[in-house]
Amino acid sequence: MFAYLVRRLFLMLVTLFGISVVIFFLLRIVPGNIVDILFAAAGYVDPADKANLEKELGIDQPLVVQYWHWISGFLRGDFGYSYVSEKPALQEILPRIPITAQLAGLALLFSASIGIPLGVISAVKQGTRLDYALRVVSLSGLSLPSFWLGLLVLTASVAMFGQMPLFNPNPQSFGEAVATYCIPAMVVGFRSSALTMRITRSSMLEVLRQDYIRTARAKGASDAAVNYQHALKNAILPVITVIGIEAAFLIGGLIVTETVFNIPGVARFLVEAIRWRDYPIVQNLVMLIAVVVVSANFIVDMLYAVFDPRIRYTD
Amino acid sequence: MADKSDLVLEVKNLKTVFFTNSGLFKAVDDVSFTVKRGETLAIVGESGCGKSVTALSLMRLVPDPPGRIVGGTVTLEGTDLLALDEAQMRAVRGNRISMIFQEPMTSLNPVMRIGDQIVEAVRLHRAMSAKAAWNIAVEMLRLVRIPEPARRAREYPHQLSGGMRQRAMIAMALACRPALLIADEPTTALDVTIQAQILALILDLQKELGTGLVLITHDLGVVAQTAQRVIVMYAGRKVEEASVEALFADPKHPYTRGLMASIPSVPASGAATQARLNEIPGTVPSLVRLPPGCAFAPRCKLAVKRCQDEYPPLMDWGGGHLAACWRAADVAEVA
């Protein structure tokens, strides 16, 4: 188990290094930098001024040097200054993180707590009307883009309640807090709950055919014990993988949803920063997201070991 | 006739059918038998003859759909199991009637410790603390002669060999001291040397605990070593029933005779090696389209017109030796 943990941790660091290189150089491949954009916007071209500004921002130096400046700063927690606002990048990013983190956490919670039980029910009741109904719902969940679902929810709430659940940073009541976080979280999480349900269902169907399920029944175990204690514990591994992957994809869904619901989170901020070629913001933010994704994978690997003794004891 | 109070299990006219896309078939058709306390009854036959479905029917574990028990009675210690509701049946399963399966590699839950799986079986039927049940689990593992039972109880199935896992299955099945144990090909998936050990273990424990045993097998060698009485099944029906001695001395059904002839024999030194193994020609007929007469007739060398037209009833040839064959009287001479 210890060797497994160490190996995973090492792999995680290597992966993060690779990602940092890719992020850095991909950003530089995109034509145009902040100086180009600023000068084009101003309609004013003096090569000397331009060179001065490039020098000031450090983007005239060789890429390797720039990379070293960035990554060593990142590790120290020094994210540099935003080109656009000229405030420290860290100050721009930090306050936005809890908003997005809460949204993402709620969305994952929603997708797991809805998707897993419904998947189990759908598998146990395979071939019944309930199973078909649940599968139609999950198919619609996979097919509806979250931005469209978000717009539908907004339109519907205007039609029904005469107001929109707009973002409120300081909710006064429980109802407001629900509207502020839960509705967008459900809109984003709907897709992953549908996916979670489908994976749970197919994984459960596979497990329910196994000999040890028959053994459990032969012991006199009840249906609930067989389904949830014996079957689900075996069927949960692929589900964990999917939830881990979904955690990564969630960022994509959040960009759109934060825009639709006008939420000042990290995801929407990232898109704005990319438009301005605001390198310090973009590369640090993407790097932070990469850390989150890689950590999610690491957690998935650890959960595998928790749920499956065959992985835990191979070393 | 046996003393009624001695009977653990009495199966009468059991009928289990399967509804499939290609039609309805009778997997178990009108099968009756009894098992006495401490007795071993072997059920023999080729793959697909209905042995395993018979066993699952006794446990009421036939997957439904597609299967269903449509007739007969299964009386265990005076209670008709087929008349119980599902909750009452759960209280019987693993408690009064237990089952060991063919595949020890896949019959244990891979993510639960061996000890916990036995504890579950115990606590489903006995009100006791987790600790007391754990002690019973360890004791059961010791009983099935697993070395270091306390350590093994904390291990997972993948850490045990096939033979060890089958021992653990036996420990689990016997944890509540059932009146009847059903062993469905318990040694088929194991190495030959382990097979003998497991069989010996099952028989020892059976003697020790006085359990009735239904042993399902296709191996007549196993039957000869273990059982007191034998049922031969073919295409869902009982075609012959006899004591082990009577069956091996004088098989009445041509199918039984064929099964015995297919046991390979080692030629005596110096004798010419047998060129081919004996086999029963043909295959088990599709259960969906059984012939109107004897299901074995198409493969039988002795078959006459009557065999194809009329199903032979079970006839008593003395001493409880039953056989369903029109030509049973001639089998010995012709073969």
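Me: Let's start in chain B. What stands opposite A42(B) in β9(B)?
Reply: V230(B) does. Bear in mind that this is a predicted model.

Me: Which strands are those, and how do they pair?
Reply: They are β3, residues 40-44 of chain B, and β9, residues 229-234 of chain B. They pair in the parallel sense, over four bridges.

Me: Which helices of chain B pack on that sheet?
Reply: One is α1(B). It touches β3, β6, β7 (180-184), β8 (212-217) and β9 of chain B. Its direction makes about 150 degrees with that of β7(B). Another is α10(B), residues 254-261. That helix touches β3, β9 and β10 (237-243) of chain B, and its direction makes about 105 degrees with that of β9(B).

Me: Zoom out. How many strands are in the sheet, and in what order?
Reply: Eight, in the order β6-β7-β8-β3-β9-β10-β12-β11 of chain B. The sheet is open and its pairing is mixed. At the edges sit β6 and β11 (315-316) of chain B, each pairing on one side only.

Me: What about the sheet with β1(B) in it?
Reply: That one is an open sheet of four strands in chain B, ordered β2-β1-β4-β5. Its pairing is antiparallel. The edge strands are β2 (23-36) and β5 (79-80) of chain B.

Me: How many bridges join β1(B) to β2(B)?
Reply: Eleven, with the two strands running antiparallel. Strand β1(B) covers residues 7-20. A hairpin joins β1(B) to β2(B) through two residues.

Me: Give me some bridge partners there.
Reply: L9(B) has V35(B) as its partner in β2(B). L14(B) has V31(B).

Me: Switch to chain A. How many helices and strands?
Reply: 14 helices and zero strands. Its C-alpha atoms fill a box of roughly 85 × 60 × 35 Å along the principal axes.

Me: What does UniProt list as "transmembrane region" in chain A?
Reply: The unreviewed entry lists residues 9-30, 103-124, 136-162, 174-194, 235-256 and 285-307 of chain A.

Me: How helical are those spans in the model?
Reply: Take two of them. Residues 9-30 of chain A are 95% helix and 0% strand, with end C-alpha atoms 32 Å apart. Residues 174-194 of chain A are 100% helix and 0% strand, with their ends 27 Å apart.

Me: How is chain A divided into domains?
Reply: Into domain 1 (2-94) and domain 2 (96-308). Their centres, taken over C-alpha atoms, are separated by 32 Å.

Me: How many residues of each are in contact?
Reply: 26 residues of domain 1 of chain A with 21 of domain 2 of chain A. On the domain 1 side, α1 (2-29), α2 (34-42), α4 (63-76) and α5 (89-93) of chain A each supply at least two residues. α1(A) gives the most, with ten. By class, that side has 18 nonpolar, six polar and two charged residues.

Me: And α11(A) with α12(A): at what angle do they pack?
Reply: At about 90 degrees, with axes 7 Å apart. That makes α11(A) roughly perpendicular to α12(A). Helix α11(A) is residues 223-260, and α12(A) is residues 266-275.

Me: Which residues meet there?
Reply: I251(A), L254(A), I255(A), E258(A) and T259(A) come from α11(A). They meet A267(A), R268(A), L270(A) and V271(A) in α12(A). The contact has six nonpolar, one polar and two charged residues.

Me: Last topic. How many residues of chain B are in contact with chain A?
Reply: 24, and they are in contact with 20 residues of chain A. On the chain B side, α2 (86-92), β6 (97-100) and α3 (114-125) each supply at least two residues. The largest share, four residues, comes from α3(B). The chain B side divides into eleven nonpolar, nine polar and four charged residues.

Notes:
Residues numbered from 1 in each chain as written. Chains lettered and ligands numbered in written order. Predicted model: local features only at pLDDT ≥ 70, side-chain atom pairs only at ≥ 80, totals over all residues. UniProt positions renumbered as here; feature names shortened; annotations may be inferred. Pairing = 2+ DSSP bridges. Domains from an automatic or database assignment. Contact = placed C-beta atoms within 7 Å. Nonpolar A, V, L, I, M, F, W, Y, C, P; charged D, E, K, R; others polar. Axes fitted to C-alpha atoms, helices over the stretch in contact; angles between N-to-C directions. Parallel < 35°, antiparallel > 145°, perpendicular 65-115°, else oblique.
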